[in-house]
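Here are some notes on backbone geometry and helix packing. Please read them with the coordinates open.

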Amino acid sequence: METSNEPFTKPYKDHENFLKWESDYPTAKDVVEYDKSLWSRDENRPKTLLCHDMRGGYLQDRFDQGYPSTDCYSFYHWHLVDVFCYFSHHFVTIPPVQWINAAHKNGVKMIGTIITEWDEGRKNLQKVLKSKEAVEVFVKCLVGIATKMKFEGWLVNIECHVEDEEMDQLVYLVKHLTDEMHKSNNDAQVIWYDSVIKSGQLRWQNKLCADNRLFFDVCDGIFLNYNWSPIHLTESLAQAKQRKHDVYVGVDIFGRGCPGGGGWNTNKALKIIREHDLSAAIFAFGWVYEKLGESVYHINNEMFWELLSDDLYPHYINRLPMVTTFNRGYGHSLFKNGKKISNRPISNLSLTDMQPTFPTNRYQVISGCPIITELAYKTDDAYNGNGCLFFSGTFEDAEQTNDVMFRLFKTDLRLTKKEASQLTILLTYKNNSEYHAQPKLVLCRGDGDKMVLDSYDTISVQNRWQIQEHRHKLNQDIHIKEIQLHLQSTNNGRGRFQFLLGEFKIIDASERNLDAEKPPTTQLTIEHKALNKNANDETIEIEIQLSWQVDENARSYNIFCLNASACCAIQDITGKTHKIDSSKTDFFIGRAFASHYQIGHFLIKKNSSPRREVKFQIYSNDGNGDTKLYCENIIRIDQLLV
């Protein structure tokens, strides 16, 4: 059973309730902003839009702060995507916080959905198109919630007939929404779905044509229906002219009339689209999870995206710091500097870090006999976060040193002489078998040369994790285009290696946080209210809202509870109780991406000593991956019970 006292995102089913959206979102959400300047992408190539439609939407992903399970759907191939659309069949679909954060952290725009279908949709549309003023009120709300939730725009999907006298207002709706979104957000994106035509009839065209281009002309793009043919694409090209990459050709992974039939043949449709130099809109990619089985999802998911990868165009990080723990947004535990600090499972897309650019099958044996390798995500161990990358393989050659190379990242890091003179690279790893593999980093430069990083210090940390620290003072500008990881056998003979990669950083040492050990000076505010005061209850339930001033250098915050002992506990969304025993270690509460965090159910035993103190601490995590105690506050049990 899910409790309802955790912050969550919800859609709107009708026009009247949506116009009152501000009462549902009185304060800012816990959202990461989109910054396209951190990423390089070829703007002259076709784009890729993903449209997520799974089981009606708003499943465990609706909870802003995550869900206590590892069985939820996850997505982590963000580097292959340009725009992400969260889709449902509600009138106005607001993208959940988790999805917005995951997209923005990884360089992808996020859009919501406006849909009118069937009789209820028609009623909502009538109210929107009642007058020019009604359109403007509706658009003001759409722009307002997108601005507050920090997402970039909308897919407009009108799947009901429109009366002749309403057509001018519908075109005005699309144009005014596009104009107002662009005034509010330089990265705005408003896309029309191929549905209603200029006569007002609901008639899917499967192409850009004279009947639907009146909408295309006043917005940022069109999402074509799925039942197209190569002839439709040729005609669309002729209509679009210089805006060909604003035509997103629909690909339904469930098939439903799409060329190739979807599923494992999705790549066939995508290849035809790219042959016509058009953008693609991939719909319902959760097919892998829904139809092929949740227990084998991650294996099938890797295979699926490898199948499409030749016709997708990655974007690359182009600025320091470059930091990743390879977190895929889920795990059975939480680790800090190699030590397990929480046994509670979590699925939270907001935690998703940068992943390797290249598909897992893109590796190259440098010497020796063929080496059978595997690259996977492991959640029973980590250095920082909820998981790490797991490399395994067998060195076959008994006569010579073996060397296998994994292409990790495609980058566009153009470092100035000043940045290059302070360059620090940190590789955190662990060998998990007796047959060790020695890691070696290679940087591929823009001039074609390779830098082999074979000069470093090795630092041993907790639980057999090791850190290779490379410090380089390069007195020149440098362009890093690719980062490779080489694993070499350390002893002769056939042997199987198991190698864990926990964290990777490239940072400017001059930008490191030097104040990590200073005592906190920022105030932590604790607001609370009792949820039950029944005299017969043995436990008092309290909602606690923590808030603090923004740390301008922080990317996220970790929240801990201290001194609570066994008199306190937290109850998660599923109703499961977790006792707080901070006598041995600080109790991890959660992670925030803005300057506030809500504890939905903080439990206190009635017989607890009223003078006992509970301390909350907030640690800020900066872009270099450094952590410092940012603020703290103490509150007595009797104060919480007021």
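1. N206 counts as buried, at 10% relative accessibility. The cut-off for buried is under 20% relative accessible area, so N206 qualifies. Bear in mind that this is a predicted model. N206 sits in the loop between β7 (189-193) and α6 (213-216). Its phi is near 60°, a positive value in a residue other than glycine.

2. Y58 also deserves a look. Its phi is positive, about 55°, and Y58 is not a glycine. The residue is found in the loop between β2 (48-52) and β3 (83-86). Y58 is buried, with a relative accessible area of 8%.

3. Check the peptide bond from L320 to P321. This bond is cis, with omega near 0°. P321 belongs to the loop between β11 (316-317) and β12 (322-324).

4. Which residues of helix α7 are buried? In α7 (residues 230-240) they are H232, L233, S236 and A240. These cover an arc of only 95° around the axis, so they lie on the same side of α7. The face turned away from that buried side carries the exposed residues I231 and A238.

5. What do the buried residues of α7 pack against? Their partners are α6, β8 (221-224), β9 (247-252) and α8 (266-275).

6. Look at what follows α7. K241 comes after the helix, and the phi of K241 is positive, near 55°.

Conventions. Residues numbered from 1 in each chain as written. Predicted model: local features only at pLDDT ≥ 70, side-chain atom pairs only at ≥ 80, totals over all residues. Heavy atoms only, no water. Helix = DSSP H or I, 4+ residues; strand = E, 2+ residues; numbered from the N terminus. Buried < 20%, exposed > 50% of the residue type's maximum accessible area, 1.4 Å probe, protein only. Arc of directions from axis to C-beta. Contact = heavy atoms within 4.5 Å.
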